Amino acid sequence: RRGGGVERTEARLKGRSNARVRRTTREREGVVVEDFVHGRGRRRGGGVERTEGRSIRDTSAEGFREGGAMPTLSIKTNTTSVDRISQSDVVREASALVADLLGKPEAYVMVLLEAGVTMAFGGTEEPAAFVELVSLGSIGGEKNKTISKGICEFVQAKLGVAPNRTYIHFIDPPRSNFGFNSSTFAK
């Protein structure tokens, strides 16, 4: 490609649905630009419903440090109904959810899921969850209510834990107290 960049085009069917995704990715000097088109089945009256967009993210080490990256979602639950394969699906879907809720690139999101943890909530061992969300920025104040709602809905749908049996701890640490790649996020 001219200019020393890399360009990839990907087209695929998603799952068993008729959803088609076409994504063109260009990378140059640590900046990734993705143009995408999603086609989802047929609409009434014919035609294909389409969504188009562009995602731009800085993947350079400096951009990672300055971009308030590193969201980490940790879910601990006493639920044992989730098998190993389902757990993989849950962490992948949770990763996309966190990126969406925080407005951060999914490339920087980490998700941990511990199922089958011995846990009591309100004096019972009925399904419960303890969730921690660590993020450099993008959390706090009124925004936490929206994030809490999204996480609780997700935990209920995927793990069967009611929102009134889920605690969420939001953490926005100082940049110097979070390490990555043999350094910290401090400038």
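## The sheet

Four strands make up an open sheet of mixed pairing, in the order β6-β5-β7-β8. The edges are taken by β6 (110–114) and β8 (166–171), each with a single partner strand, so one side of each has no neighbour in the sheet. From one strand to the next, the twist averages 10°. Strands (E, at least two residues) and helices (H or I, at least four) are DSSP runs, numbered from the N terminus. Two strands count as paired if DSSP finds at least two bridges between them.

This is a predicted model, in which local features need pLDDT of at least 70 and side-chain atom pairs count only at pLDDT 80 or more, while totals for chains, interfaces and linings use all residues. Residues are numbered from 1 along each chain as its sequence is written, and side-chain values use heavy atoms, with hydrogens and water left out.

## Strand pairing

Strand β5 (residues 72–77) runs parallel to β6, and five bridges join them. Within this pair, Ser74 stands opposite Leu112 of β6. With β7, strand β5 pairs in the antiparallel sense over six bridges; there, Thr77 has Ala129 in β7 as its bridge partner.

Strands β7 and β8 are parallel and joined by six bridges. Ala129 faces Thr166 in β8. In a regular strand the side chains alternate between the two faces of the sheet.

## Helices on the sheet

Helix α2 (residues 84–102) lies across β5, β6 and β7 (129–134), and runs at about 135° to β6. Helix α3 (residues 143–159) packs on the sheet and touches β5, β6, β7 and β8; its direction makes about 135° with that of β8. Contact here means heavy atoms within 4.5 Å. Axes are lines fitted to C-alpha atoms, for helices over the stretch in contact, and angles run from 0 to 180 degrees between N-to-C directions.

Together, β7, α3 and β8 form a right-handed β-α-β unit. Right-handed means that, with the strands pointing away from the viewer, the path from the first strand over the helix to the second runs clockwise.

## The nonpolar core

The largest nonpolar core has 25 residues, of which Leu73, Val131, Leu133, Ile147, Ile151, Val155 and Leu159 touch the most other members. Two or more residues come from each of β5, α2, β6, β7 and α3. Helix α2 gives the largest share, seven residues. Such a core is a set of buried Ala, Val, Leu, Ile, Met, Phe, Trp, Tyr and Cys residues joined through side-chain atoms within 4.5 Å. Buried means under 20% relative accessible area, exposed over 50%, and partly exposed in between (1.4 Å probe, protein chains only).

Leaving aside residues up to four places away in sequence, Val155 touches Ala129, Val131, Gly160, Val161 and Thr166.

## Salt bridges

Side chains of opposite charge can pair when their charged atoms come close. The whole structure holds four salt bridges, each a side-chain nitrogen of Lys or Arg within 4 Å of a carboxyl oxygen of Asp or Glu. One of them joins Lys158 to Glu93, with the closest N and O atoms 2.7 Å apart. This pair links distant parts of the chain, Lys158 in helix α3 and Glu93 in helix α2, 65 residues apart. Lys158 is partly exposed because its relative accessibility is 37%, and Glu93 is partly exposed at 35%.

Another salt bridge joins Glu153 to Lys149 (3.3 Å, N to O). Both residues lie in helix α3, four residues apart, about one turn of the helix. Glu153 is partly exposed at 44% relative accessibility, whereas Lys149 is exposed at 54%.
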